[in-house]
Amino acid sequence: LLMRHRDTGSQGGKSASGRRRNVAGAFAVSSRARVEGRRVLLVDDVLTTGATAHACARALKAAGAAGVDLAVVARVE
C-alpha cells in the first residue's frame with residue numbers, strides 16, 4: 001500500500017531531526033480505496049528514531065486510514 005515516491009538515501013549517521021527531514025513527504029499510498037476507513041498495521045524490523053514509521057503513518061492517515069498501529073521487532077536505544 002505504501003510507495004516511496006522519492007529517493008531518501010540512507011538514514012544512517014543522521015540526527016533525529018535530519019532523519020525526519022529526510023523522509024518527510026517521501027511516502028504515498030498506492031490505493032486510497034484500500035486504506036480509507038481502515039486500521040492499518042505497519043511492521044518495522046528496527047525502530048531507531050521512528051522517523052520512517054511516522055512518515056508512513058502520516059501518509060496512511062492522509063489517505064483516510066482510520067488508525068495506524070506499529071509493530072516493531074527491535075528498538076535501538
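A residue counts as buried when its relative accessible area is under 20%. By that cut-off, buried residues make up 31% of the 77 residues in this chain. The model is predicted.

**Fold**
- The chain holds three helices and four strands.
- From the N terminus on, these elements follow the order β-α-β-α-β-α-β.
- The radius of gyration is 13 Å, close to the 11 Å that the globule rule gives for 77 residues, so the chain is as compact as a globular protein of that length.
- Taken along the principal axes, the C-alpha atoms fill a box of roughly 35 × 25 × 15 Å.

**Contacts along the chain**
- Consider the contacts between residues at least 6 apart in sequence: 68% of them join residues at least 24 apart.

**Surface and charge**
- The accessible surface of the chain comes to about 5,000 Å².
- Carbon and sulfur atoms account for 50% of that surface.
- The chain carries 13 positive and 6 negative side chains.
- The centres of the positive set and the negative set lie 6 Å apart.

- Look for Q11 in the loop between β1 (2–4) and α1 (16–23).
- Is Q11 buried or exposed? Its relative accessible area is 15%, and the cut-off for buried is under 20%, so Q11 is buried.
- Which residues is Q11 in contact with, leaving aside its neighbours within four places in sequence? They are R19, N22, V23, A51 and T52.
- Among these partners, R19, N22 and V23 fall within the range of α1 (16–23).

Notes
Residues are numbered from 1 along each chain as its sequence is written. This is a predicted model: local features need pLDDT of at least 70, side-chain atom pairs count only at pLDDT 80 or more; totals for chains, interfaces and linings use all residues. Side-chain values use heavy atoms; hydrogens and water are left out. Helices (H or I, at least four residues) and strands (E, at least two) are DSSP runs, numbered from the N terminus. The radius of gyration is taken over C-alpha atoms; the globule rule is 2.2 Å times the number of residues to the power 0.38. Buried means under 20% relative accessible area, exposed over 50%, partly exposed in between (1.4 Å probe, protein chains only). Contact means heavy atoms within 4.5 Å. Accessible areas come from the Shrake-Rupley method with a 1.4 Å probe; for residues, only the protein chains shown count as cover. Lys and Arg count as positive and Asp and Glu as negative; His and the chain ends are not counted. The place of a charge is taken as NZ of Lys, CZ of Arg, CG of Asp or CD of Glu.
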